[in-house]
Amino acid sequence: MKKSEVDNKALTRAAFALLLIVLAIGATGVMLSRKTVATVDYNYLLEPINRDNEEDIQQRRNERDQANRDAQAAHEKVNALLSEKDNLSGELAELNGLSEAQREQYEIISAQYAAALDAKTVALDTYVTAQDTLADTQERFKQRVSIMFEYQDKSYLEILLESDSIAGFFTNLEMISLITESDNQAIQELKTARDDAELQANLALREAEDMEHIAEEKLAQLEELESRIGVTEAALEDISTDIAYWEQREDDLERYSQSLDKQIEDLQRQRTQVPPTTTTKTPEATTPQPSNGGSDPAPTTAKPTATPVPTTAPPASSNGSLSWPTWNHTITSYYGYRTHPVYGTTKFHSGIDIGAWYGDTIMAAAGGTVIYVETPVPGQDTGGSGYGNYCIIDHGNGVSTLYAHARSISVSTGQTVSAGQAIGVVGSTGTSTAAHLHFEVRIWGSNTDPLGYLK
């Protein structure tokens, strides 16, 4: 074969290969100079990981274990007090010298002491778990960093030149796309772990310190009572406990929930053209105006409906008209009145808390129209007050559902949704100590037990 023919064939193959290259690059819909689809923001990696050092965490583990041992001993003492109420024996026999009123007081304080140690144990365990989760997530993320940076600054031309064929080029692009999607998910998981660790550091440790203070206070009260054995005077002291920070926030949340009663009813009646009820209600609270989120709503005078009579356990039957709003069906807190074991305060829980995790999908419990959306901290895992990011859906016939403490809400006011449609993702915004979905069912604005409606 002549050299000219060989050169021509070589040029032809080169031209054909060049054409395929141009077509391949054109098919990607980008210019040669454009970076790859790996658009992960690695600046986040430069931020310091807000995790306590291992020595501090180990100290908290030791405190948790000791609090758990102390709590078990305190519960054993409480059980002995109750079982030997009429005739104390053993190490409790000396308490027979107390008056009846003093002995009753001793039982109450002992139960509060044990409950405070329980709460301290739970708080410290929550803190340690969050720190461990952050460490595990961070370690997994570090293992991916080298892969991330390998592709972060390569152009499509560089990837093409490194590919052994056009098919290989597309395969590499697909792989990079999958890696990028995984990278974004990994970064979100790292951010969530950090947010949760910070939340627990701020709340769980504060709760542990509060409970430690209360336990010391109760122990001193018990010692004071023991010192009165044989004394005839019944000078009883005030054994009430000062309400701590978190209990005060829960009071605010209860008031906020009540403030929504009238507003929800008005929004529903406006949609259905149903005249308002004529029941006389006493003005008591202020309630926010409807909003698509972001800014603080302007308050107006509201007249909350009468407080319903709730139940603290699942109802005997359900009408099954609503589906579960999350895939997780674990209830961490039921609807109804709850008495705090330490403070002795009684609070009303207007819905159920479902133990979902950050990023879990929130679904509409039934078809309807979104009548309220509030997102004071959009896209954040934590932050804000009250219900945090939440929305309300009207299902007709006076029935509405409320979805609170979300990371984000993906629907807007006036939007029609169908049963099971994704409307947001779970977070821990507002007055919340951990990731979960607070779910309410309201009838013309008044809350009722959601378990009476869920399938």
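Asn397 is placed in the loop that runs between strands β9 and β10. The model is a predicted one, and in it Asn397 has a positive phi of about 60°, although this residue is not a glycine. Most residues other than glycine have a negative phi. The side of the question that concerns solvent is also settled: Asn397 counts as exposed, at 73% relative accessibility.

Trp444 belongs to the loop between β13 and β14, the latter strand covering residues 446-448. With a relative accessible area of 23%, Trp444 is partly exposed.

Aromatic rings come next. The count of aromatic pairs comes to eight. One of them joins Tyr256 and Tyr390 in an edge-to-face arrangement, with 6.3 Å from centre to centre and 90° between the planes. This pair links distant parts of the chain, since Tyr256 is in helix α7 (residues 245-272) and Tyr390 in strand β9 (residues 389-396), 134 residues apart. Tyr256 counts as partly exposed, at 23% relative accessibility. Tyr390, by contrast, is buried, with a relative accessible area of 1%.

Tyr403 and Phe439 form another aromatic pair, this one tilted, with 5.4 Å between the centres and 55° between the planes. Because Tyr403 lies in strand β10 (residues 399-409) and Phe439 in strand β13 (residues 437-443), the pair ties together parts that are 36 residues apart in sequence. Tyr403 is buried, at a relative accessible area of 0%, and Phe439 also counts as buried, at 0% relative accessibility.

Ring pairs also build a cluster, whose members are Tyr256, Tyr372, Tyr387 and Tyr390.

The two pairs described above are set side by side here.

| Aromatic pair | Arrangement | Centre to centre | Angle between planes |
|---|---|---|---|
| Tyr256 and Tyr390 | edge-to-face | 6.3 Å | 90° |
| Tyr403 and Phe439 | tilted | 5.4 Å | 55° |

Another tyrosine is found in a loop: Tyr334 is located between β3 (331-333) and β4 (336-339). Tyr334 is partly exposed, with a relative accessible area of 34%. The C-alpha atom of Tyr334 is separated by 4.8 Å from that of Ile352, although the two residues are 18 residues apart along the chain.

The chain as a whole can now be described. The secondary structure consists of seven helices and 14 strands. Of the 455 residues of the chain, 44% count as buried. The accessible surface comes to about 23100 Å², and 52% of this surface belongs to carbon and sulfur atoms.

How much of the contacts in the chain with a separation of 6 or more do residues 24 or more positions apart account for? Such residues account for 73% of these contacts.

Note on methods:
Residues numbered from 1 in each chain as written. Predicted model: local features only at pLDDT ≥ 70, side-chain atom pairs only at ≥ 80, totals over all residues. Heavy atoms only, no water. Phe/Tyr/Trp six-rings, centres within 6.5 Å; stacked < 30°, edge-to-face > 60°. Helix = DSSP H or I, 4+ residues; strand = E, 2+ residues; numbered from the N terminus. Buried < 20%, exposed > 50% of the residue type's maximum accessible area, 1.4 Å probe, protein only. Contact = heavy atoms within 4.5 Å. Areas by Shrake-Rupley, 256 points an atom, 1.4 Å probe, with all protein chains shown as cover.
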